[in-house]
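Visitor: I would like to learn how to read a chain-to-chain contact. Please take me through one, step by step.

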2 protein chains.
Amino acid sequence: MQSLDNNALRKAMSARGLKVTPQRMAIYGALLSAGGHPSAEEVFGAVRRVLPNVSFDTVYRALLSFTELGIISVHEAGGKKRFDPNLAGHHHLHCMRCNRITDFHSPELDSVKLPPQAGKGFQVLSMRMTVEGICSACSAKNRGRNGR
Amino acid sequence: MQSLDNNALRKAMSARGLKVTPQRMAIYGALLSAGGHPSAEEVFGAVRRVLPNVSFDTVYRALLSFTELGIISVHEAGGKKRFDPNLAGHHHLHCMRCNRITDFHSPELDSVKLPPQAGKGFQVLSMRMTVEGICSACSAKNRGRNGR
DNA sequence: TTATTATATAGGAATTATTCTTATTTGTCA
DNA sequence: TGACAAATAAGAATAATTCCTATATAATAA
Ligand SMILES: [Mn+2]
Ligand SMILES: [Mn+2]
Ligand SMILES: [Zn+2]
Ligand SMILES: [Zn+2]
């Protein structure tokens with residue numbers, strides 16, 4: 001998983017006039033350590049273990065700022081935002097039952113070009129495939145109850 | 001745009017034990033007439049012109065039911081759900097500024113297969129590419145103010 | 001180092017989208 | 001037609017996100 005080291009993180013922030021605060025450093029670190037695609041609430045929980053007085057709003061705003069900087073990305077799933085520090089180009093499996101999001105890589109997908117008439121004047125920032133379905137854990141649960 | 005006629009709609013509902021109510025029929029119709037990828041609020045506004053006493057909750061629940069039936073789809077964008085009656089396989093451009101969602105078609109994308117290790121035990125229901133960026137209208141706005 | 005100042009933060013309130021509750025109504029099926 | 005599970009309207013409740021304001025702090029320049 002490709003992400004920024006502390007130095008590159010500081011640089012990314014100051015390059016855009018954002019102050020380098022202990023909160024922001026810790027929040028990025030917490031996002032990494034949380035693993036997967038955590039919600040703001042989950043990142044908040046993780047940061048709290050390092051900075052017990054950080055506020056939820058600060059965490060939320062920092063995550064949105066990071067997104068603006070383009071150093072993380074965000075997905076909306078299950079009615080909430082999920083944050084993703086993985087800078088490597090990749091795609092996602094999204095379970096409609098438990099809302100778990102899993103990465104996958106596909107050189108084939110990455111090389112697809114947009115039909116030219118599609119993006120007429122549209123400035124592309126990212127392209128990602130989202131595969132919706134039911135994860136194996138959730139299918140397993142049902143097997144016991146319903147059948148299938 | 002591929003969608004259901006009244007008859008197919010009735011059939012889809014009763015096939016799954018859902019009652020065919022005037023509200024549901026009107027809500028589906030309103031979703032079609034609203035055009036594009038309306039929010040629940042927007043569909044509500046459209047239905048109201050036909051059934052002035054329908055409640056927001058009824059609209060919202062109907063849209064979720066339709067999604068479960070698989071006769072419409074949902075996208076989360078800009079913090080809210082956006083509903084899509086277009087049954088034809090297609091993909092989306094999503095403007096990060098105004099949250100406008102635009103369809104595009106791509107046989108190339110549709111033919112891409114998942115890397116086999118990706119969906120290990122994952123039951124795929126749909127695959128769609130989301131292209132994020134800035135639409136031409138939003139870029140135009142900025143040209144006046146900032147430059148770019 | 002110190003003073004200056006634009007930003008950022010904590011804490012809590014407000015807002016917005018979504019979901020729930022309850023009393024009443026209505027499709028569906030026998 | 002009659003029984004009844006399911007659906008609806010209306011409004012309350014909840015959950016996620018955003019806003020407000022007083023205080024604190026990182027960055028910058030002297
Ligand atoms: Mn990811
Ligand atoms: Mn569409
Ligand atoms: Zn799952
Ligand atoms: Zn736009």
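**Reading the interface**

Guide: Start with polar contacts, meaning pairs of N or O atoms within 3.5 Å; within protein, one must be able to donate a hydrogen and the other to accept it, and residues adjacent in sequence count only if both atoms are side-chain atoms. Across the interface of chain B and chain A, 14 residue pairs are in polar contact, both at pLDDT 80 or more. This is a predicted model: local features need pLDDT of at least 70, side-chain atom pairs count only at pLDDT 80 or more, and totals for chains, interfaces and linings use all residues. Residues are numbered from 1 along each chain as written, chains are lettered from A and ligands numbered from 1 in the order written, and side-chain values use heavy atoms, without hydrogens and water.

Visitor: Which elements of chain B each supply at least two residues of the side that touches chain A?

Guide: Helices (H or I, at least four residues) and strands (E, at least two) are DSSP runs, numbered from the N terminus. On chain B, the elements are β1 (73-77), β2 (80-84), β3 (91-95), α5 (107-110), β5 (123-134) and α6 (136-145). The largest share, 12 residues, comes from β5(B). By type, the side of chain B that touches chain A has 17 nonpolar, 13 polar and eight charged residues. Here Ala, Val, Leu, Ile, Met, Phe, Trp, Tyr, Cys and Pro count as nonpolar, Asp, Glu, Lys and Arg as charged, and the others, Gly among them, as polar.

Visitor: How is the size of an interface given?

Guide: Often as the accessible area lost when the parts come together. Buried area uses a 1.4 Å probe and is summed over both parts. Chain B and chain A bury about 3000 Å² between them, 61% of it on carbon and sulfur atoms. B:E76, B:F122 and B:E132 supply 20% of the area that chain B buries against chain A, more than any other three residues. Counted by contact (heavy atoms within 4.5 Å), 38 residues come from chain B and 38 from chain A.

Visitor: How many salt bridges does the rule find across the interface?

Guide: The rule wants a side-chain nitrogen of Lys or Arg within 4 Å of a carboxyl oxygen of Asp or Glu. It finds two between chain B and chain A. One of the salt bridges joins B:E132 and A:R128, at 3.0 Å from N to O. Over all chains, the structure holds six.

Visitor: In which sense do the two β5 strands pair?

Guide: Two strands pair if DSSP finds at least two bridges between them. Strand β5 (residues 123-134) of chain A and β5(B) pair in the antiparallel sense, over 11 bridges. A:M127 has B:V131 as its bridge partner, and A:E132 has B:S126. Within chain B, β3(B) and β5(B) run parallel, joined by four bridges. There B:C95 stands opposite B:G133.

Visitor: Which protein atoms are donors of the manganese ion (ligand 1)?

Guide: Donors are N, O and S atoms within 2.8 Å of the metal (3.2 Å for Na, K and Ca); water is not among the atoms, so sites may look incomplete. The protein donors are A:H37 (NE2), A:D84 (OD), A:H90 (NE2), A:H92 (NE2) and A:D103 (OD), 2.1 to 2.2 Å from the ion. Their spacing along the chain is H-x46-D-x5-H-x1-H-x10-D. A:H92 lies in β3 (residues 91-95) of chain A and A:D103 in β4 (residues 101-104) of chain A, so the pair ties together parts 11 residues apart in sequence.

Terms used: Buried area = accessible area lost by both parts, 1.4 Å probe.
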